[in-house]
Amino acid sequence: MAPRIGPAQLVFYGLAFLGLIFALGEVRQQLGGSDTSLSSYVRSGVAGNLEGASPGLTDAVAEPVESMAGRGLPGALRPYGNPLRAPNTVMTQDYGVGTHAPAEIWGAVDLALDGDGDGLADPEGSWDQPVYATHSGVVTTTPNSYPAGNHIWVSNDEYRTGYAHLSGFAVRNGQTVRQGELIGYIGSTGMSSGPHLDYQVWVKQGDGWVNVNPLEFGALEPAP
Ligand SMILES: [Zn+2]
């Protein structure tokens, strides 16, 4: 006959079982749910509307302010050059791969800085380094969004560029900026496991916007 399990033992086994579940949950957290095939440095999220993001954080980045886009804007409308304006810039994730796939939705490049000259990006060399607008446009800021974190759009009639995971803004929502103007600082806000800039370029086509490869707009080239 099976041994009788008393109420005390029942409570004990119940607690042990709950403890096990909790421990398993913590282990999964430590792994950060990130795709370990990618360097932990590039795990990021991008700007975009993402259903079902964590409650309590702004789910999606705000839509750019259309009304003032393009008209009478100073300087270059077409984005060009490296938004970090730094010769020691390193691309830590390419366009259309990993978390940047499919490119139509998530297309971007991840950029960071090589502070110690070993050819690899490093957090020490990247934290809070300046980020510049690559073209003229109107600013839309979204603080604390998910997965993009602190996010900026710079938009005009023809082009829109996105800057994600910033540690802070250097501009206000609705402000007009010129190509080369300081707009923010490299951070790791939102879904990111290391300080880097997730940089997107979109081109207006008809009524919609098409995601394009920032490398075709000189994202790794010296800015004008
Ligand atoms: Zn990215």
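Predicted model: local features only at pLDDT ≥ 70, side-chain atom pairs only at ≥ 80, totals over all residues.
Trainee: Why is T161 called buried?

Mentor: Buried means under 20% relative accessible area, and T161 has 0% relative accessibility, so T161 counts as buried. T161 belongs to strand β6, a strand (residues 159-166) in which 8 of 8 residues are buried.

Trainee: How do you know that the side chains of T161 and Y163 make a polar contact?

Mentor: The pair is 2.8 Å apart, and the cut-off for such N or O atoms is 3.5 Å, so the distance meets the limit. Leaving aside neighbours within four places in sequence, T161 is also in contact with residues including P79, H135, W153 and Y199.

Trainee: Which residues touch the most other members of the largest nonpolar core?

Mentor: Of its 26 residues, V131, I152, V154, Y163 and I183 do. The elements giving two or more residues to this core are β2 (109-113), β5, β6 and β10, and β10 gives the most, with 4 residues. Apart from this core lies another, of 6 residues, among them W153, A164, W202 and W209.

Trainee: With which residues is V131 in contact, leaving aside its neighbours within four places in sequence?

Mentor: They include P83, L84, Y163, L166, I183 and L197.

Trainee: Why do β3 and β7 stand at the edges of their sheet?

Mentor: The open sheet of 3 strands has the order β3-β9-β7, with antiparallel pairing. β3 (130-132) and β7 (168-169) each have a single partner strand, so one side of each is left without a neighbour in the sheet.

Trainee: How do you know that β7 and β9 pair?

Mentor: β7 and strand β9 (residues 182-185) have 2 bridges in the antiparallel sense, and the criterion asks for at least two, so the pair qualifies. Here F169 stands opposite G184 in β9.

Technical notes
Residues numbered from 1 in each chain as written. Heavy atoms only, no water. Buried < 20%, exposed > 50% of the residue type's maximum accessible area, 1.4 Å probe, protein only. Core = buried A, V, L, I, M, F, W, Y, C linked by side-chain atoms within 4.5 Å. Contact = heavy atoms within 4.5 Å. Polar contact = N/O pair within 3.5 Å; in protein donor to acceptor, adjacent residues only side chain to side chain.
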